[in-house]
Amino acid sequence: MSARLAPDHLVAQSVETAGTDDFGDDASWREGLARLCDGLAADARLNDLGVEIAVMDVVRALSNRLRIVDWRRRHPEVAASPVGRPLFIVGQPRTGTTILFDLLAQDPALRPPLTWEVDHPYPLPRPDTYDSDPRIAETQAAIEASEQIVPGLLVHHPMGALVGQECVRITAGQFCSMIFSVQYRLPGYYHWLLHEADHAAAYRYHRMFLQHLQSGVPGPAESPCQWLLKSPAHLWQLDALAAEYPDAVIVQTHRDPLNVISSISALTHHLRRLASDESSITECATQSREEIVIGLERAMALRDFGALGGLRFVDVQFAEFIRDPLATVRALYARLGRELEPATERRMRDFLIAHPGDHGGTRYRWADTGLDAAEVREQVRGYQQRYGVADEQLR
């Protein structure tokens, strides 16, 4: 197994797949790749299928990087393409970021990166085939295959080829991404990611990826592309985000962290079962608790001490959003100074009718985490007081 997951072997396989060996001038991605591969081989407890999935994930990320760099070499104007005032949805995982993202994606003035184009960015997506490209069916088939392996996965985390994709799927190409430490058991990698990694290069690659996609499908014809982006992982790295996108607008969602921890632990456990027969929900919960506590403290410190330059923030309470999603969106648009067109609101309303959700249902329980609720509550109390986040009844 370790030979198949050796960095040099995966790089060679990617070069053969992409037909080019030029990874660009920035080689900082190699440290993350080496740490990831070490963890996959030594710590992830992969089964045979898990090895195949891990190889596929790494080769896809490397091949996409090669093709994007090659396209920029042949089309240098892409590097000068502006990424102006991107709108980022951040917050803890499981705080309504996905449904808010999906609702805002109904606005034709915003451009979300769709799953199929993030997974397969080359050849460039084109406006005339944006809804019918054969890669859409290929991506959807892969998503549905994961549901066959772990039934109920898509209930925990709805996915689709034609819906927006999270930024962690983009920064996977820098190998500095939470997507790996959620999908696989990687204690060393996730500790490096949380405490040691330099995320500036990941955001530079993130911009490269957006420039690449918008060189094919720029967005609404009547106005410049404004990206709609989403990932809870940005919460941990707001300073790096601000350095790369100083004019970004940040929408931060807020919810009781304890139910967040139990929910993300259950999701992590389900995701890891795709590649391993030995996932532990209590181990997932221990990691989630550390990540959530550190992320909230880090984000508060950066916001409260003015360390994020001109970033503009709008805060959204999960409880209010779940109670009345459209009223929350209207208030958000007013705060942003945007016009919520009647046709856009109708599309949002139709989306909610088609995707009612169950707001968690019985998919997770605090008792499964093995954590001490009083101890964790004390760790997050400052955050709850700072943003007026009420305690929820633990599920």
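How far is the sulfur of Cys176 from the closest cysteine sulfur, and in which residue does that closest sulfur lie? In this predicted model, the closest cysteine sulfur to that of Cys176 belongs to Cys167, at 13 Å, which is too far for a bond. A disulfide is a covalent bond between the sulfur atoms of two cysteines. Because a pair of cysteine sulfur atoms must lie within 2.5 Å to be counted, the separation of 13 Å rules out a bond between Cys176 and Cys167. The count of disulfides comes to zero by this rule. Cys176 counts as buried, its relative accessibility being 6%. Cys284 is likewise a buried residue, with a relative accessible area of 1%.

Helix α13 was examined next. This helix covers residues 257–272 and has 16 residues. From its first C-alpha to its last, α13 reaches 22 Å, which is close to the 22 Å expected at 1.5 Å a residue. Of the 16 residues of α13, 16 are buried, so the helix is largely enclosed by the rest of the structure. At the start of α13, the side chain of Asp256 takes part in a contact with the backbone: one of its oxygens reaches to within 3.0 Å of the backbone nitrogen of Leu258.

Several features of the backbone concern the loops. Most residues other than glycine have a negative phi, and most peptide bonds are trans. Arg45, a residue other than glycine, has a positive phi, near 55°. Its position is in the loop between α2 (29–42) and α3 (48–74), and Arg45 counts as partly exposed at 37% relative accessibility. Arg94 also has a positive phi, near 65°. Arg94 occupies the loop that runs between β1 (87–91) and α4 (97–104). At 19% relative accessibility, Arg94 counts as buried, because the cut-off for a buried residue is under 20%. A cis peptide bond, with omega about 0°, joins Tyr122 and Pro123. Pro123 is placed in the loop between α5 (115–119) and α6 (134–149).

The loop between α7 (153–156) and α8 (167–171) contains His157. The relative accessible area of His157 is 19%, and the residue is buried. Along the chain, His157 and Thr98 are 59 residues apart, while their C-alpha atoms are separated by 9.2 Å.

Other pairs of residues show how separation in sequence and separation in space may be set side by side. Ile322 is found in helix α15, which comprises residues 318–323. With a relative accessible area of 26%, Ile322 is partly exposed. Ile322 and Thr95 are 227 residues apart in sequence, and 9.6 Å lies between their C-alpha atoms. Ile322 and Tyr205, in turn, are 117 residues apart along the chain, and their C-alpha atoms are separated by 34 Å. Tyr205 belongs to helix α11 (residues 200–216) and is buried, with a relative accessible area of 1%.

A further pair involves Ala374, which has its place in helix α18 (residues 373–387). Ala374 is exposed, its relative accessible area being 59%. Between Ala374 and Phe101 there are 273 residues of separation in sequence and 32 Å in space, C-alpha to C-alpha.

The analysis also considered empty space in the model. Rolling a probe the size of a water molecule over the atoms shows where empty space is left. The second largest pocket has a volume of about 380 Å³. The lining of this pocket consists of 18 residues, of which Ala105, Gln106, Leu110, Pro112 and Leu114 lie nearest its centre. In terms of residue type, the lining of the second largest pocket divides into 11 nonpolar, three polar and four charged residues.

How values were computed:
Residues numbered from 1 in each chain as written. Predicted model: local features only at pLDDT ≥ 70, side-chain atom pairs only at ≥ 80, totals over all residues. Heavy atoms only, no water. Helix = DSSP H or I, 4+ residues; strand = E, 2+ residues; numbered from the N terminus. Buried < 20%, exposed > 50% of the residue type's maximum accessible area, 1.4 Å probe, protein only. 1 Å grid on protein atoms, 1.4 Å probe; cavity = no way out; pocket = protein on both sides within 12 Å on 5 of 7 lines; lining within 4 Å. Points joined across faces, edges and corners; volume = space filled by probe spheres on them. Nonpolar A, V, L, I, M, F, W, Y, C, P; charged D, E, K, R; others polar. Expected span 1.5 Å × (residues − 1). Polar contact = N/O pair within 3.5 Å; in protein donor to acceptor, adjacent residues only side chain to side chain.
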